[in-house]
Amino acid sequence: MRMTKALSLIALTALASTAAVAQKTAVQSIEEYRAMLQDGNPADLFEAKGEDLWKQKRGPRNASLEKCDLGKGPGVVKGAFVELPRYFADTRRVQDLESRLLTCMENLQGLDAAQIVKTPFGKGEQNNMTALATWISAESKGMKFNLSQAHPAEKTFYEVGKRLFFQRGGPHDFSCASCHGQDNTRIRLQDLPNLTKNPGDGVGFAAWPAYRVSNGQMWAMQQRLNDCYRQQRFPYPGFASDATVALGVYLGVNSQGSASVAPAIKR
Amino acid sequence: MADPMRIRAQAAGDKATVRVLMSHEMESGQRKDAAGKTVPAWFIQEVEAKLNGKSVMTAEWGPAVSKNPFLQFTVKGAKAGDKIAVTWKDNKGETRTDEASVS
């Protein structure tokens, strides 16, 4: 009798331990939820809109963006996203995807770049900008980041981006690194990738533009970075500002060799 | 003019799985804007799917459906090359139809 009791106790503990193994971690459950969302990613809608906008004749000059040089020659879209931000000889500036699009919209289509910069996110021409960025990023989906650091300006931007990433300030004395400088941390249900090193395939820099299910908005990198500053209780550095481009260079170079999953889907 | 839908339909055996992504604000009528005024309701009310012109599914939707809704369903007897058409109509009377062929 005592024997069977002991045996059943062993059986019980064995059961309990398998149950503990089968229990999913919070991170796994979140991953599962994201996988379920993945199939119907509304980013597809923005992608289609972006492709149309690229080919559509618009603006005072009634021109399309098909001659826009994103770094791989006029009109070459495939693979351009994973090499941006980079130095452009014609503007003599380091530019990310959105600031480069701004140049093209001004030079090719005759749109007022200063006016677009002033437009709040999610309004008017900014919506078109996001759709274009979504489509262009989708054309490089699965490709690996490979940012150039050959030009001195690109090296400078990397160093500036790094300084900005660690610069603390504001009423909360926050820096980007306060949240993104450690492994395995979370804010509510969102993983916080450690962006001071390569966070891996499809994480951090490699996951934007993304559609956010909770607010039904499509965000590209410029909005992501500017909103990070808002969360730090800083004013926006501004659309296509050198500060955001420098941060983009820092994050992009750190992500060297990681595959882009953009356009991604977020909670 | 509403933005186009994305429709994908894939045949497997005697069934086809149809995935539809619609572009719509789906405003519930419960939200207020920055000025404190109610944002008027604006949502899809009727959805109809047709296989080669014959109605195979109708649905009545309400304000609880999310923005940019995703709809998935299976159609019996759909083969590769068949035409799937999806129509929605919202409470403002606006409507949109898009078509895709089963692959």
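Helices here are DSSP runs of H or I with at least four residues, strands are runs of E with at least two, and both are numbered from the N terminus. You have a predicted model open, in which local features need pLDDT of at least 70, side-chain atom pairs count only at pLDDT 80 or more, and totals for chains, interfaces and linings use all residues. Residues are numbered from 1 along each chain as its sequence is written, while chains are lettered from A and ligands numbered from 1 in the order in which they are written.

**First stop: chain B.** Select the chain and follow it from the N terminus: its elements run β-β-β-β-β-β-β, which comes to seven strands and zero helices. Along the principal axes, its C-alpha atoms fill a box of roughly 55 × 20 × 20 Å. Of the 103 residues in chain B, 24% are buried (20 or more other C-beta atoms, placed from the backbone, within 10 Å of the residue's own; exposed is 12 or fewer, partly exposed in between).

**Next: helix α4 of chain A.** Select residues 97-107, where eight of the 11 residues are buried. Among them are A:Leu97, A:Arg100 and A:Cys104. Now show what the buried residues of α4(A) pack against: β1 (86-88), β2 (93-95), α5 (113-118), α6 (124-138), α9 (221-231) and α10 of chain A.

**Last stop: A:Ala243.** Move on to helix α10 (residues 242-254), which holds this residue. Is A:Ala243 buried or partly exposed? A:Ala243 is partly exposed, because 17 other C-beta atoms lie within 10 Å. Beyond its neighbours within four places in sequence, A:Ala243 is in contact (C-beta atoms, placed from the backbone, within 7 Å) with A:Leu164 and A:Pro237. Finally, pick the C-alpha atoms of A:Ala243 and A:Gly161: they are separated by 7.1 Å, though the residues are 82 apart along the chain.

Note on methods. Contact = placed C-beta atoms within 7 Å.
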